Amino acid sequence: MISVRNINKTFGKQQVLYDVGADFQSGRVNLIIGQSGQGKSVLAKCMVGLHEVDSGQILFDGRDFTSMEKSDRAEIRQEIGMLFQGSALFDSMTVEENVKFPLSMFTKMTKKEMQDRVDFCLERVNLQGRNALYPSECSGGMQKRVGIARAIAMNPKYLFCDEPNSGLDPKTAIVIDSLIKDITYEYGITTIVITHDMNSVMEIGDHVIFIHQGKKWWEGDRHSIITTDNPEIEAFVFASEFMKKIRSSLKERIK
Amino acid sequence: MLMDELQFIGINSIPIVALMSTFMGAVISLQTASNMDSPLLPAYTVGYITQSSIILEFSPTIISLILAGKVGSNIASEIGTMRITEQIDALEIMGVNSINHLMLPKILASILYFPVLIVFSMFLGMFGGFLALVISDLQTTETYILGLRSWFDPYNIFYALTKTVAFGFIIVSISSFYGYYVKGGSLDVGKASTKAVVVSSVVILIANFIITKLMLL
């Protein structure tokens, strides 16, 4: 479980996060949603240590990440997998080398064990036999799947996904969402997904946090998001006329 | 990693170093010969001046400035692109010390391989001078080689290689710095790359002055 307690973050004179707190349970897909520029990516980057928080605590299974020495942080970081918005694959390495990279850096596996692990991870994301491709030779969806394979290579306890569906067609986006959900349930990972894709919210949102103006504005799950009367949520989720119609028909059904 | 960097920084620079050194050596010897019209100066002076110019200044400094352009811009754009495409963030999140991982092999490769390139450049520069003089029938092989061997001081090689190691470190560390701390998009990577070359070149010139003052005078 990851717990976030009273996180405040400023850049210069601009405060981006105000007293944000939440618990992200393991074995569940936790979504952080919100409009662009509201602080959800900053929150995620604070959680993985790419940004330092001004005040507050980030606890990984009770271990306070914010007050740790750099060397101790490295230990926790090896338990974190991250899927980046742009995949962030090492473009000078093949698909296989990308997935193998964390294994070669942090484990004492033999070559055979590493190869088996790489093959397993690639098979898990349906990319078996694509080992020799370079990221530039992969489609956007394939790159995301390689990113997932690399993120799960070290058997992470925590998985962060930053806009995993951005730039993907709806069908591929569903494939990526299903993969994230399956991996989370299968391995009991604490998964945190930053998104503003409502399909993802409805498909995989076991626990949803809505960030607005740098504050935790709302918390619930994919079912309660439909019934909430929170005006900011309504404005964000059901922005179009089409979505408003869907919502009212769903509300009718729920009643 | 080190072998990759040796290939990238060292081996890939051989063609440009070879081309520059041969032609510049040829031009230095021709220009020297064209200005040697006093009968009081022995003919082998051309070889001596060519040797001194190449060993003391042309190979270590001018070739390092050329390498600042080639290797420096490559390093800044490579690391800068890794920064803007979040590859450096990916390294950090994995728990990898990204500065160490990205820069150390490059610095080691430059310190190890730049002296090799410069010695190679010295030979080719003097060979270029030989070709230019002998083909143009301005001097005999014996006279040119006598000039090359005249007043040869091995300390000059030590001085040149010391400068080279310092210049290699300057090029890689400055270029890596500008690449690593780039912010923005691809346009900013280009700007960082240009800035890295300009700053490296200026620092090389200043370091050249300081090292020369310390070691030769």
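**Entry 1: where chain A meets chain B**

I began with the contact between the two chains in this predicted model, and I found 14 residues of chain A in contact with ten residues of chain B. I then looked up which elements of chain A give two or more residues to this side, and they are helix H2 (70-77), strand S6 (80-83) and helix H3 (95-106). The largest share, three residues, comes from H3(A). Sorting the chain A side by class, I noted eleven nonpolar residues, two polar and one charged.

**Entry 2: the domains of chain A**

Next I turned to the domain assignment of chain A, which gives domain 1 as 1-79 + 158-230 and domain 2 as 88-155. I noted that the C-alpha centres of these two domains of chain A lie 24 Å apart, and that ten residues of domain 1 are in contact with ten residues of domain 2. On the side of domain 1 that touches domain 2, the largest share, five residues, comes from helix H6 (residues 170-187) of chain A. That side of domain 1 divides into seven nonpolar and three polar residues, with no charged ones.

**Entry 3: a helix pair in chain B**

Last, I looked at helix H3 (residues 45-84) and helix H5 (residues 98-135) of chain B, which pack at an angle of about 145° with their axes 8 Å apart. I recorded the crossing of H3(B) and H5(B) as right-handed. The residues making the contact include Ile54(B), Phe58(B), Pro60(B) and Ile63(B) from H3(B), and Lys106(B), Met122(B), Gly125(B) and Gly129(B) from H5(B).

Notes:
Residues are numbered from 1 along each chain as its sequence is written. Chains are lettered from A and ligands numbered from 1 in the order in which they are written. This is a predicted model: local features need pLDDT of at least 70, side-chain atom pairs count only at pLDDT 80 or more; totals for chains, interfaces and linings use all residues. Axes are lines fitted to C-alpha atoms, for helices over the stretch in contact, and angles run from 0 to 180 degrees between N-to-C directions. Helices (H or I, at least four residues) and strands (E, at least two) are DSSP runs, numbered from the N terminus. A crossing is left-handed if the near helix is turned anticlockwise from the far one by less than a right angle, and right-handed if clockwise. Two residues are in contact if their C-beta atoms, placed from the backbone, lie within 7 Å. Domain bounds come from an automatic or database domain assignment. Ala, Val, Leu, Ile, Met, Phe, Trp, Tyr, Cys and Pro count as nonpolar, Asp, Glu, Lys and Arg as charged, and the others, Gly among them, as polar.
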